[in-house]
Amino acid sequence: MSGTQPHRGSGGRTPGKHIIRGSVSLPESELMWRFSRSSGPGGQHVNTSDSQVELRFDVARTEALPEVWKDRALERLAGKLIDGVISVRASEHRSQWRNRETALVRLAALIAEATAPPPRPRRATKIPRGINERRLREKKQRAETKRGRTGRDW
């Protein structure tokens, strides 16, 4: 691929799905890849190869995520979405293949985190009396130690 042409498909990888959590996965057909020249290390080779990878996934229109997950993702990723599409870039590596892998892992982690169920609410517990008494006792000892440091004897 040259320039910044969008590309859909596997691009040398085995076509298939990329697991998010449990049995839910991202199908390769819904991933949009874009390649461009990357800045950074690589010498003369960097001027001719499109090693930077941009991976886009349309969260708003996907059929791969359950409706509840999709709603969570749209809510939690609202600041990172552009028209319902999440975009991830990778350009750390010199090879396009490794940047593709990095972008895919980042996207999967981002979606997994955004679709995770909310944590259980914290149950308030009472502090045991013994622990509280010990804390107050230690506090008094510390105060006595500090009081003994006053400059009377100097």
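Visitor: What pattern does the protein follow when read along the sequence?

Guide: In this predicted model, the order is β-β-β-β-β-α-β-α-α.

Visitor: How do you know how confident the predictor is in the protein?

Guide: The average pLDDT is 79, and 79% of the residues score at least 70. Among the elements, helix H3 (residues 129-147) has the highest mean, 95, while strand S1 (residues 6-8) has the lowest, 48. Over residues 1-15 the pLDDT stays under 50, and there the model has 36 contacts beyond four places in sequence.

Visitor: What share of the contacts with a separation of 6 or more comes from residues 24 or more positions apart?

Guide: Such pairs account for 64% of those contacts. As for burial, 34% of the 154 residues count as buried.

Visitor: Which residues meet where H1 and H2 touch?

Guide: From H1 come Trp69, Arg72, Ala73 and Arg76, and they meet Glu113, Ala114 and Thr115 of H2. By class, this contact has three nonpolar, one polar and three charged residues.

Visitor: What puts the buried residues of H1 on the same side?

Guide: The buried residues of H1 are Trp69, Lys70, Arg72 and Ala73. They cover an arc of only 165 degrees around the axis, so they sit on the same side of H1. An α-helix has 3.6 residues a turn, so residues three or four places apart point the same way. The face turned away from the buried side of H1 carries the exposed residues Glu67, Val68 and Glu75.

Visitor: Let's pick single residues. Why is Leu107 called buried?

Guide: Leu107, found in helix H2, has a relative accessibility of 0%. Buried means under 20%, so Leu107 qualifies.

Visitor: What does Leu107 touch, not counting residues up to four places away in sequence?

Guide: Leu107 touches Leu26, Leu31, Leu55, Phe57, Ile86 and Val88. There is also a C-alpha to C-alpha value to look at: Leu107 and His18 are 10.0 Å apart in space and 89 residues apart in sequence.

Visitor: Is Leu55 buried or exposed, and how do you know?

Guide: Leu55 lies in strand S5 (residues 52-58). Its relative accessible area is 0%, and the cut-off for buried is under 20%, so Leu55 is buried. Beyond four places in sequence, Leu55 touches Leu31, Met32, Trp33, Ile86, Ser87, Val88, Ala103, Leu104 and Leu107. For Leu55 and Ile86, which are 31 residues apart along the chain, the C-alpha atoms are separated by 8.3 Å.

Visitor: What makes Arg61 count as exposed?

Guide: The place of Arg61 is in the loop between S5 and H1. Exposed means over 50% relative accessible area, and Arg61 has 61%, so Arg61 counts as exposed. Not counting residues up to four places away in sequence, Arg61 touches Lys70 and Asp83. Arg61 and Gly84 are 23 residues apart in sequence, with 7.7 Å between their C-alpha atoms.

Visitor: Where is Asp83 found, and why is Asp83 called exposed?

Guide: Asp83 is in the loop between H1 and strand S6 (85-90). With a relative accessible area of 69% against the cut-off of over 50%, Asp83 is therefore exposed.

Visitor: What is phi of Asp83 near?

Guide: Phi of Asp83 is near 55 degrees, a positive value in a residue other than glycine.

Note on methods. Residues are numbered from 1 along each chain as its sequence is written. This is a predicted model: local features need pLDDT of at least 70, side-chain atom pairs count only at pLDDT 80 or more; totals for chains, interfaces and linings use all residues. Side-chain values use heavy atoms; hydrogens and water are left out. pLDDT is the predictor's confidence in each residue, from 0 to 100. Helices (H or I, at least four residues) and strands (E, at least two) are DSSP runs, numbered from the N terminus. Contact means heavy atoms within 4.5 Å. Ala, Val, Leu, Ile, Met, Phe, Trp, Tyr, Cys and Pro count as nonpolar, Asp, Glu, Lys and Arg as charged, and the others, Gly among them, as polar. Buried means under 20% relative accessible area, exposed over 50%, partly exposed in between (1.4 Å probe, protein chains only). The arc is that of the directions from the helix axis to the C-beta atoms.
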